[in-house]
Each structure stands twice: as structure tokens, then as C-alpha cells.
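Try each task before reading its solution.

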Amino acid sequence: MSRVLLFTGKGGVGKTTLAAATAASLAANGRKALVVSTDPAHSLGDALDVRLGASPSEVDTADGLFACQIDPRGLVDEAWGELRGHLRTVLAGAGVDELDAEELTVLPGVEELLALAEVRRLASSGPWEVVVVDCGPTAETLRLLSLPEAFAGYLERLFPTHRRVVRGLLAGVAGTGTVEKWDSTADALSRLAERLDALRVMLADPSSCSVRLVLTPERVVAAETRRTLTALALQGIRVDSVIANRLVPSPGSARGAAATWLRTRRHEQDAVLAELTGIGEIRTVDHRASEPVGVPALLEVASQLYGSEDPLPGAAVSQSLLEVSGSGRGLDARYSLRIALPLADDTELDLARVGDDLALTVDGRRRLVALPSLLKRCIVTGAEMDSGGVTVGFRPDPSLWR
């Protein structure tokens with residue numbers, strides 16, 4: 001399977017240009033690369049200065065560089081239409097009103113989900129070594145990357161995997177004909193579930209997929225970037241690089257009003273980047289006098305971005321989100337659960353115990369963290385937060401240790 005690089009950032013920061021530049025650089029260095037756009041704005045063709053369609057095509061001006069713009073609407077018509085028909089039939093046969101059945105089968109996010117599934121299909125079936133993805137703005141991308149897990153949960157609640165139970169229920173409610181229709185629907189749902197599982201595996205595997213965050217050196221953008229880093233870590237998705245785009249050039253010792261403006265603006269930008277501590281190295285790209293359009297101009301951008309380094313880093317070592325430590329024995333034992341997350345000083349954090357899970361909400365984004373078996377018979381004693389994550393304290397629950 002091809003390596004997948006997802007480029008995202010706040011709208012207007014230049015992620016499309018940097019995604020295209022990265023793909024062009026990879027192709028120029030002998031790797032077959034495919035750059036695709038899932039951004040509804042579809043400006044990838046403008047950056048490459050070529051006309052793109054839904055199917056990958058080779059960019060004439062660069063050997064080994066392919067590009068396409070994914071058409072989510074077409075994917076919905078092709079892949080989801082048949083399944084929706086199956087589901088409407090089963091629901092109507094089970095006594096659900098036709099209008100209600102229509103509403104139940106309109107699932108929010110299905111277009112974005114199928115676009116992500118198409119990225120995986122291209123990565124697993126094409127001749128490319130790398131697939132570079134120009135994603136939408138960060139808010140849309142975070143929603144997109146959380147869809148496989150959320151969508152799988154929705155299907156499991158609506159149509160459980162225990163087919164025998166469902167078949168028995170339908171047989172009692174609507175007769176044998178509905179059961180036969182359920183079988184064909186269940187088969188279609190099983191295929192969709194397999195695609196969702198494959199997507200979740202791809203997104204969580206740092207050797208297969210990683211994100212590159214693009215920002216401009218402005219305080220509002222930098223604050224969103226911090227929140228995005230936390231949200232991606234919460235979802236178990238690796239960020240392998242942060243890129244600061246459009247730094248104004250330093251005027252050096254030049255004098256005059258223009259030089260003073262450039263010097264002041266660059267000082268402000270450097271101050272913003274200096275505040276982004278604890279997120280590792282930040283690559284920088286200067287603001288250019290002319291817009292980089294076409295492969296030659298994009299290669300110039302890539303040259304500054306990566307220098308002599310390989311734009312595609314080696315496989316990363318997967319780091320666990322959770323780490324358990326403890327001391328003592330029996331009811332006197334005390335345990336700590338460390339949840340590794342990059343957190344800012346103003347991060348809003350909420351923790352709650354939900355059965356055998358820990359509900360972790362960070363800046364409004366919630367994730368259920370399954371507790372290790374050791375901690376399932378414990379109660380929470382407190383929690384502390386720092387820039388590197390959250391440490392939750394536990395002690396054995398006497399009522400469960402008899």
C-alpha cells in the first residue's frame with residue numbers, strides 16, 4: 001500500500017500549494033506520486049496549471065506525477081445509492097413509515113466518508129509510492145478523519161452484526177420476504193464495515209498515514225493549529241510535520257518605509273512561531289513575489305521547504321496514547337493512567353467515567369478511551385494536566401475487590 005500524506009490547515013494558508021509541491025518533488029526524485037484533492041474548493045488543478053478529473057491522470061510536465069480531484073457526489077451515486085435502496089426496503093418491510101425510512105438512510109458525512117475511502121482505494125491499488133492528499137480546512141478534516149469510527153458505531157447500533165438476532169426479529173415482524181431482503185442488505189453492510197475497518201487501520205498506522213499541518217504565522221491560525229494537534233492526537237492520528245507558510249522576507253540592513261514594514265512584520269511572525277513550543281521542528285516557506293503555479297514553480301517551493309532532505313520520512317515508531325503505572329498491592333494499590341496529548345495552557349478539559357471507558361473531552365471534542373483491564377475495577381481519584389497530556393489517578397474499588 002502507498003504511503004498517504006494528508007495536508008490540512010486553516011482555509012487560505014496555502015495547503016494546496018504545499019501538497020502539490022511535495023508531490024512534484026517526490027516525482028522529480030524518482031518516486032511515482034499521486035496528489036488528490038478532497039477539498040470541495042478543488043483548487044489543485046489551478047496550482048498544477050492543468051485540468052483534472054475524477055480519475056488519476058499523469059501531469060504532462062513531470063514524469064511520475066499523477067493528479068485527480070475526487071468527486072464525492074459521483075461516489076455517493078455509485079456506492080451508497082444501492083445500499084440506501086436496500087435499507088429503505090428492509091425498514092419499510094419492518095413497518096417503518098416510508099418517509100421515516102428515507103430520513104433514516106440519509107447519513108450525514110457519507111460524501112466525505114466515501115471520499116476518504118476512495119483515497120485508501122487509490123493508495124492500495126495504484127502504482128504510486130506516495131499519495132498526497134489536499135484535504136479541506138482543518139475543521140472539515142477533523143470531522144472527516146473521525147467519520148470511520150463514528151460511522152461504524154452508527155451502523156452497529158442501527159444494524160447489529162449479530163445477524164441471527166436481527167433475522168429472527170424481522171421474521172416475526174414482517175415475514176420471510178423481509179428476511180431475504182435483510183440478507184442482501186446485511187451483505188452490503190458487511191462490505192461497508194470492512195471498508196470502515198480498513199480506513200481506521202490506515203489512519204491509525206503511522207507507517208501508512210500521517211498528517212502535515214500548514215499554518216501562516218498569525219496568532220489566530222497558530223491557536224487553531226495547537227487545537228488541531230490535540231484533536232488529532234486524541235484520535236490517534238500522527239502529525240509528522242508542521243509547516244509555516246508565507247513568512248515575509250527579512251529586509252536585512254535595508255532602510256526606508258518598506259524595509260521597516262517588512263522588519264516589523266517578520267518580527268511579529270517570528271514571535272508567533274516562538275510561542276509554538278513543544279510541537280517539534282517547524283518548517284518554513286517564504287512568501288513569494290509571484291504566485292507559484294505550475295510544476296516548475298512548485299519545485300522551487302519544495303526546494304525551500306525540504307532542501308536536500310527526503311520529502312517522505314521513514315516509517316515512524318508508533319507511540320501509545322495510554323501508559324499505566326502503579327504501586328502497592330490489593331486495596332492499598334494506587335495507579336496512574338497517562339494520556340499523552342499536546343495541550344495548551346488554556347485547553348478546556350473534562351473527564352468522566354462511563355462504564356469501562358473514560359470519556360475525555362478536549363476543547364469540545366470527545367473521545368471514549370477504553371480503560372485497561374487493570375483499571376476497570378478501580379475508581380478515579382483525581383486528574384492533573386500539563387503540556388504533555390493528562391495523568392488520571394485510580395484506586396481499587398472495594399466493592400469490586402471481594
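Predicted model: local features only at pLDDT ≥ 70, side-chain atom pairs only at ≥ 80, totals over all residues.

Residues are numbered from 1 along each chain as its sequence is written, and side-chain values use heavy atoms, with hydrogens and water left out.

**Exercise 1.** Describe how helix H1 and helix H11 cross, and list the residues in contact.

Solution. 
Step 1. Locate the helices, which are DSSP runs of H or I with at least four residues, numbered from the N terminus: H1 spans residues 15–28 and H11 spans residues 295–306.
Step 2. Their axes (lines fitted to C-alpha atoms over the stretch in contact, with angles from 0 to 180 degrees between N-to-C directions) come within 8 Å and cross at roughly 90 degrees.
Step 3. H1 is therefore roughly perpendicular to H11, a label used for 65 to 115 degrees.
Step 4. In contact (heavy atoms within 4.5 Å) are Thr-17, Leu-18, Ala-20, Ala-21, Thr-22, Ala-24, Ser-25 and Ala-28 of H1 with Val-295, Leu-298, Leu-299, Val-301, Ala-302, Leu-305 and Tyr-306 of H11.
Step 5. Sorted by class, these are 12 nonpolar, three polar and no charged residues. Ala, Val, Leu, Ile, Met, Phe, Trp, Tyr, Cys and Pro count as nonpolar, Asp, Glu, Lys and Arg as charged, and the others, Gly among them, as polar.

**Exercise 2.** Which residues line the largest cavity, and which helix supplies the largest share?

Solution. 
Step 1. The lining consists of Gly-9, Lys-10, Thr-138, Leu-213, Val-214, Val-221, Glu-224, Thr-225 and Thr-228. A cavity is a set of points on a 1 Å grid over the protein atoms alone where a 1.4 Å probe fits but cannot get out, and lining residues have an atom within 4 Å of a point.
Step 2. H9 gives the largest share, four residues.
Step 3. By class, the lining has three nonpolar, four polar and two charged residues.

How values were computed. 1 Å grid on protein atoms, 1.4 Å probe; cavity = no way out; pocket = protein on both sides within 12 Å on 5 of 7 lines; lining within 4 Å. Helix = DSSP H or I, 4+ residues; strand = E, 2+ residues; numbered from the N terminus. Parallel < 35°, antiparallel > 145°, perpendicular 65-115°, else oblique.
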